[in-house]
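This note is meant for a colleague meeting the structure for the first time. Please read the numbered points below alongside the sequence and the model.

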Amino acid sequence: MTDHHLAQLNVARLRAPLDAPAMAEFLSLFKPINALADSAPGFVWRLTDGEADDATSIRPYGDDVIINMSVWESREALWDFAYRSAHLDVLRRRREWSLRMAEPYIVLWWVPAGRIPAVEEARERLERVRRDGPGPAAFTFRQMYDPVGHLVEM
């Protein structure tokens, strides 16, 4: 374990309200994908609303946008969950349930190990990537930085 963990926020603008019939399959995937995340190597934490086992009621960007926020031990741990597990199948189908966004919808940043970031911090990091592009304080998988701020060659 290192002295830093990787936090991530991603947002999705929904095609329909979550209680619409068109979203039923999407909702049915939450429990198994969240369980997969919770048991994935390198998983540290994910945002929930405190009542349900997800964060769908937390809507800092408005009623039509849902967020997902989590913390991982490393870039590799997050990458493996996102792109080398059953999560990828859901990710490939995201356009069925969410609209294409012209602006960045994901941000990554390092936090000291043991610290859970607040939603407002995550929002600030996403806004930074949208405004300034990737940098040491807010970046994406395409342009990654290490915890001390050096660009990582992929």
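Which backbone oxygen does the side chain of asparagine 34 reach?

1. The model is predicted. In it, the side chain of asparagine 34 comes to 3.2 Å from the backbone oxygen of aspartate 53. Leaving aside neighbours within four places in sequence, the residues in contact with asparagine 34 are Arg46, Asp53 and Asp54.

2. Asparagine 34 belongs to helix 1, which covers residues 24–39. This asparagine counts as buried because its relative accessibility is 12%, and the cut-off for that term is under 20%.

3. The length of helix 1 may be checked against expectation. With 16 residues at 1.5 Å a residue, helix 1 should span 22 Å, and the 24 Å between its end C-alpha atoms agrees with this. Helix 1 also has a kink of about 30° at phenylalanine 30, shortly before proline 32.

4. The buried residues in helix 1 are Phe26, Phe30, Ile33, Asn34 and Ala37. What covers them includes three strands, namely strand 1 (4–14), strand 2 (43–46) and strand 3 (65–72). The cover also includes helix 2 (75–83), helix 3 (87–92) and helix 4 (94–97).

5. The largest nonpolar core has 26 residues, of which Leu6, Met23, Phe26, Ile66, Trp72, Leu108 and Phe139 touch the most other members. Strand 1, helix 1, strand 3, helix 2 and strand 5 (106–112) each give two or more residues to this core. Helix 1 gives the most, with 4 residues. In soluble globular proteins, nonpolar side chains tend to be buried together.

6. Not counting residues up to four places away in sequence, leucine 6 touches Ser70, Val71, Trp72, Ser74, Arg75, Leu78, Leu108, Trp109, Trp110, Phe139 and Met144. A second, separate core holds 17 residues, including Ala7, Val71, Trp109 and Ala122.

Methods:
Residues numbered from 1 in each chain as written. Predicted model: local features only at pLDDT ≥ 70, side-chain atom pairs only at ≥ 80, totals over all residues. Heavy atoms only, no water. Buried < 20%, exposed > 50% of the residue type's maximum accessible area, 1.4 Å probe, protein only. Polar contact = N/O pair within 3.5 Å; in protein donor to acceptor, adjacent residues only side chain to side chain. Contact = heavy atoms within 4.5 Å. Expected span 1.5 Å × (residues − 1). Bend = angle between axes of the 7 residues up to and from the residue. Core = buried A, V, L, I, M, F, W, Y, C linked by side-chain atoms within 4.5 Å.
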